[in-house]
Amino acid sequence: MISKQFADAADAATSIVPPRFAIDPFGRQLLRSVSLLARGKLARVVGLEDVDAVASTDLGRRSEETLKLALLRAVKTMAARLLGGEEDPRPVLTQIIDLCDGPALAAGQAVSTFPGYQQAARLLLLGFNALDGNALVNVPSPPGTDDRYWSSWVRHRATTAPFVWPNHEEAIGRGFQNPGVSAVLVLPTGAGKTTLASMKIAAAIGQSARVLVLAPTHSLVEQLTADFSRIFPELDTTPSGDVGSASISVMTPERCLALLSFQPNSFEDVSLIVFDEAHLLSNESGTRRSMDAMLAVLMLTRLVPNADLLMLSAMLRNGSQLAGWIEEITGRPCLFFEPLWKPSRQARGVVMYQSSELDSALQAATTAHLAEDDRVGSRSATVRSVAQAELQLTPFGLFGLENNWLNETTADVTIQQMISGKVNIVGKLKGRRVLPTPSVNRVAVSIAHAAAMSGLKSIVFANVKSHTISMARDLRSILAVNATVSDADQELWDDLAVELGGLEHSLNAPGGGVVCHNGLMLRVERMLAERSFRRPDGAQIIVATPTLAQGMNLPADIAILASEKRAGMSRGREPLAAHELMNAAARAGRAGHVANGLVVLVSETVLTFEPESPLGADLIGRLKAILPIDDRSIELSDPLQSILDRLTTGMVEDPDVEYLLNRLRLENLPDSALSIGFVDRSLAGFQARHAGIEGAFAQQVQQLKSLLERRAEESPLDENLSVIAAQTGLTGELLRELETDLLAAPDWPQSISAWVALTFTWLAASERTRRQLFGGETGALAQAAGQSLAHELTREDLLRLESGVQAWISGDPLNAIELALGSDASGKNVNCLRARNLVTKAIPLSITFAVSVIALVAKGIDRELTPECELSLDCVVTGVREGFNSPALIAFAHLEGQRSLRVGSHLSLAEHPHLSALESRVSNLENLLALMQMYHTPS
């Protein structure tokens, strides 16, 4: 604490375990108070009870009891002061120091009668001076922020995050939190980006303003929503849906872009825009995804020009350039900070084997394989089981210490045996010789098992969703560890059983010591896995896909990376990007949880070494891949520049080029926030000007403008379809054809279910329509229909998918949806992977989009509608996305909030038939919600 290394202090304090039945109750309570203080649990320190003094005839013992009680009260006063209290503990500590002095010697030097207590008081005094200097409650209210709100907020926040870390001091000192100031913060993962962001948000809220937070994945949106709900409990924090009137809205950039097109006025009073994981603006994250993010930022700065921007990342190499661009487009200061210090440390290593042991094992396996071939009298195409049993190897790790806070560019290495036993790797045949395979999953499982047996928590990263399921299953079979289930979690498990049609269909089980986590899991399944892993008495191992690593706060003692490669877009394997490896590695060690972390890479290359011999270049290369100087591995490039470059080379028919052209359909419409002029304001334009190539850039922009004008002349659209083209990125030709079909239809659907049927009829009519709507992203649709990832959808597939969607909105559990998709939901299909692909991928990413296009075009047609048609049209997109087939269900679920899952909401509304009858009295969802509020009190 004295040196302001708060993470180390918290980690060390966990080792202070006062004996439960100590003879000395004063000392026990004092130890407890110091441990809690070091861990930042200030409210618990303040709440500790004083120990009653014990009447003792021994004067020395009574003196010690009095000093311990005085120290305890001083620690409690320290904690209260750090929570905003007024009493200063320093006079009390100084008094204790003075009281411990005995009579002076002849030389005038006092002799301490109680040197231990005196030293304790001196250390506490030094500790308090350090803590007080970095106390959050001492950060002054930013200019223009309500002083009473700021004081109240920092006191609340100090109960969980009481200290300002050393790497935050410069940003706070330069006033990044002040309204009117934007900032780019490049901090290593785990270095407190959320802490700084919450200060900036509090300053905005203290001005009665609203805040928009953008996060790249739905899981991160959910986490940030939960985090900010705890940090700002008095506010309404909404995830991913509409901006509405919430003080803090958290959503993906894609959702933000859609709302900017549909409801631009809802952003008018936003005064702060926070972009978490801002490196995903770069083209490296995928052109379409990064383009949507960049368009959202450009539109926001046009719609709310006075809003501050806070860009957060651990990966950016050119953060200063991003800050310069923001300063230019906002016309206000944008501060840049990139302190490399982080409060935790990591040792990172790669798995390898002793070459002599590997050679011996391979020779023994080859001999055993050939002997078995001879005994059986035939050649096996695969390694015989008796030969496989010979491939037992001792895994070692080549480790380097990740120590960028020391500003070093090299790291010492050490070789350590990974586990006490051996791992059985898998062999393969080449001719008649047995060769090794990397067996990354087997090795990762063995290391995770050994770590769990040592009491360490592990995150194992696998690059294939199905591997997370099988690896978790393998670990459960060898690890006899159970996790406690809280009462709140048990309620969620009960709800999940209803949603799935039985817990046998879940990818995890209540009380499991090992959990998996991947994108095929329902939101509540992921939540239960995360909550179990976070608890000290919860799951010991979580096996996850790398998506979990994108900003998710699940700290572990050890992160095990099962491979540095994944399946490529074409045949073969491709390496993971540096930032993906860094993201995964960063899960090991986290301030406030685990100050020291271990990262282990199990490479897809079988790495070997020999003691006393120089290490091979391949081995050193793998180590350097996970042990860079720092996390900054992404050079931010504008995806718009990639589109302009494609245009220059004549790639006019490129899908991404077409997408941008359709987005720019609003160019000729009045009051458009998205027009050709935004390209000049783009990061690409800024970079061109600073590189001295603005002339070439201007030519590219002119080429884009000419192409837009030519498209407008060749394929003119009315205002409504132009807006829809800009909102969706679809071609005018497709939208006109859909409009023509709707105009020709004698009757329009009168229910959500009927609109779904119409959508699938439209999709089945034309492969070109499906290609334009979904591009190359049909893998989840194909897998939901029971086909391979690259399968081209057929009419039969679409019929099967329609059955699944109808079951989804009808409130059927997951196992019934699996049946509707043509699977039996038992045996090898018990996990309902078709249904999971449908509800977690196909519906939210593809089918909801198709439904929304029909709804947008239909709403723009001037046609007299029945109340049933108008209400169902208003609700169909929400109904498909959330799994409801009636407007009453949507309204009911909205009022109930998170109290029930989808199936539970269907069952609950069935008990209130009078609420369903309210549909006949209104023609839009807004009025239905208002009416239902009059008749229903949420349970």
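Modeller: Gladly. In the lining of the largest cavity, helix H19 supplies the largest share, three residues. Please keep in mind that this is a predicted model.

Biologist: How does one look for such spaces, and how many cavities of 30 Å³ or more does the search find?

Modeller: The general idea is that rolling a probe the size of a water molecule over the atoms shows where empty space is left. Here, the search of the whole structure gives six cavities of 30 Å³ or more. The largest cavity holds about 100 Å³ of space.

Biologist: Which residues lie nearest the centre of the largest cavity?

Modeller: Those are Trp493, Ala509, Gly511, Leu528 and Ser532, out of 15 residues that line the largest cavity. At least two lining residues come from each of helix H18 (487–500) and helix H19 (523–534). Sorted by class, the lining has eight nonpolar, five polar and two charged residues.

Biologist: Let us turn to charges. How many salt bridges does the structure hold?

Modeller: The general idea first: side chains of opposite charge can pair when their charged atoms come close. This structure holds 25 salt bridges. One of them joins the side chains of Asp227 and Arg230, with 2.6 Å from N to O.

Biologist: Is Asp227 buried or exposed? And is Arg230 buried or exposed?

Modeller: Asp227 is buried, because its relative accessibility is 14%, under the 20% cut-off. Arg230 is exposed, with a relative accessible area of 54%, which is over the 50% cut-off.

Biologist: What does a salt bridge between two helices look like here?

Modeller: Take Arg531 and Asp489, whose side chains form a salt bridge at 2.7 Å, N to O. Arg531 belongs to helix H19 and Asp489 to helix H18, so this pair ties together parts 42 residues apart in sequence. Arg531 is partly exposed at 30% relative accessible area, whereas Asp489 is buried at 3% relative accessibility.

Biologist: Which other residue meets Asp489 in a salt bridge?

Modeller: Arg535 does, with a distance of 2.8 Å, N to O, between the side chains. Arg535 lies in the loop between H19 and strand E19 (541–544), while Asp489 is in helix H18, so to speak a link between distant parts of the chain, 46 residues apart. Through shared partners, salt bridges join Asp489, Arg531, Arg535 and Asp537 into one network.

Biologist: Now to burial. How do I read it for a whole helix, such as H25?

Modeller: Count the buried residues. Helix H25 (residues 683–690) has six of its eight residues buried, so the rest of the structure largely encloses this helix. The buried ones are Leu683, Ala684, Gly685, Phe686, Gln687 and Ala688. After H25 comes Gly692, with a positive phi near 75°.

Biologist: Could you show me a buried residue in a loop?

Modeller: With 2% relative accessibility, His279 counts as buried. The His279 side chain makes a polar contact of 2.8 Å with the side chain of Ser313. Not counting residues up to four places away in sequence, His279 touches several residues, including Met315, Asn583 and Leu636.

Biologist: Which residues does Leu479 contact, leaving aside its neighbours within four places in sequence?

Modeller: They are His449, Ala452, Met453, Val514 and Ile541. Leu479 lies in the loop between helix H17 (465–478) and H18, and is buried at 6% relative accessible area.

Notes: Residues are numbered from 1 along each chain as its sequence is written. This is a predicted model: local features need pLDDT of at least 70, side-chain atom pairs count only at pLDDT 80 or more; totals for chains, interfaces and linings use all residues. Side-chain values use heavy atoms; hydrogens and water are left out. On a 1 Å grid over the protein atoms alone, a cavity is a set of points where a 1.4 Å probe fits but cannot get out, and a pocket is an open set with protein on both sides within 12 Å along at least five of seven lines; lining residues have an atom within 4 Å of a point. Grid points are joined across faces, edges and corners, and a volume is the space filled by probe spheres set on the points. Helices (H or I, at least four residues) and strands (E, at least two) are DSSP runs, numbered from the N terminus. Ala, Val, Leu, Ile, Met, Phe, Trp, Tyr, Cys and Pro count as nonpolar, Asp, Glu, Lys and Arg as charged, and the others, Gly among them, as polar. Buried means under 20% relative accessible area, exposed over 50%, partly exposed in between (1.4 Å probe, protein chains only). A salt bridge is a side-chain nitrogen of Lys or Arg within 4 Å of a carboxyl oxygen of Asp or Glu. A polar contact is a pair of N or O atoms within 3.5 Å; within protein, one must be able to donate a hydrogen and the other to accept it, and residues adjacent in sequence count only if both atoms are side-chain atoms. Contact means heavy atoms within 4.5 Å.
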